[in-house]
Amino acid sequence: WPTSQEVPDAWRLQRLDSDGGWAGGIPQPKNGPCGVIAVVHALVLAKQYSRPTDQIQVCADDVASVIGDILLRCRPDSAAPVQLCRPKEKGAYGPAAELDLLQVCGDEAVRNAVVERIADFQGPGGIIDLVYSAVFTRGIEKVKQECLFEAGELPLVPRNFDCWLCSTELLSLLMRGSALGNVGAHTAEGSPNTTWDGHNIIGLLSKSEKDKGVPIADA
């Protein structure tokens, strides 16, 4: 987080379901967690792209499947556990809040554990639980190292335009399990950026590619 204070409502109240609206959408009432929502929504839609529009839905099963995919990718190696995180007191995300960490080993066990708490992930604050789970699973120090590689940045959630927004490093962590923030087609030395190879379930788009002429990696 950018500062040690109560997490803003834009994050604390954000849901990962349709919230009574169009079944295929995830409404966002306030500016802030756009990137996390976009990653989850895009991965859900990637599982349903062949369906007719009126059959697309952000259902609990598909959201649980996507969250399982995200967290399993975040492991530093395939034998490492996933760390599922949520506050001990429901809805408490302030600086003094205590967190409950559940260590889960094995792909099937991880997916079952996510399904068991999918109501929390989809409810208010579940988007924070997802980010915390991803960071603890990857390892805090490893995330820091990856963020700062190739002149990246911390925190994962910087403050801009009076909003707590998502960094490229955070989106990278959720999309490919690594907090390396370079989404360009080339490294700092000018060689091809191959770190996105194999992470092509969904693609990358950036307005800066048009405005600044910086090509984005073919993810």
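**View 1. Helices α6 and α8 cross in this predicted model.** The axes of helix α6 (residues 126-138) and helix α8 (residues 168-176) come within 11 Å of each other and cross at roughly 75°. That angle makes α6 roughly perpendicular to α8, a label used for 65 to 115 degrees, with under 35 degrees counted as roughly parallel, over 145 as roughly antiparallel and the rest as oblique. The axes are lines fitted to C-alpha atoms over the stretch in contact, with angles running from 0 to 180 degrees between N-to-C directions. On the α6 side, V131, A134, V135 and R138 make the contact, and L170, L173 and L174 meet them from α8; contact means heavy atoms within 4.5 Å. Helices (H or I, at least four residues) and strands (E, at least two) are DSSP runs numbered from the N terminus.

A word on conventions: residues are numbered from 1 along each chain as its sequence is written, and side-chain values use heavy atoms, leaving out hydrogens and water. Because the model is predicted, local features need pLDDT of at least 70 and side-chain atom pairs count only at pLDDT 80 or more, while totals for chains, interfaces and linings use all residues.

**View 2. W1 pairs with W11 and with W164.** Rings of Phe, Tyr and Trp (its six-membered ring) pair if their centres lie within 6.5 Å; planes under 30 degrees apart are stacked, over 60 edge-to-face and the rest tilted. The whole structure holds three aromatic pairs. W1 and W11 are edge-to-face, because their planes stand at 85°, with the centres 5.3 Å apart. W1 sits in the segment before α1 (9-12) and W11 in helix α1, 10 residues apart. W1 and W164 form a tilted pair, 5.4 Å centre to centre and 40° between the planes. Since W164 belongs to strand β4 (residues 163-164), this pair ties together parts 163 residues apart in sequence. W1, W11, Y132 and W164 form one aromatic cluster.

View 3. W11 is buried at 0% and W164 is buried at 4%, whereas W1 is partly exposed at 31%.

**View 4. R176 lies over the face of W196.** The distance from the ring centre is 3.9 Å. For this label, NZ of Lys or CZ of Arg must be within 6 Å of the ring centre and within 35 degrees of the ring normal.

Technical notes:
Buried < 20%, exposed > 50% of the residue type's maximum accessible area, 1.4 Å probe, protein only.
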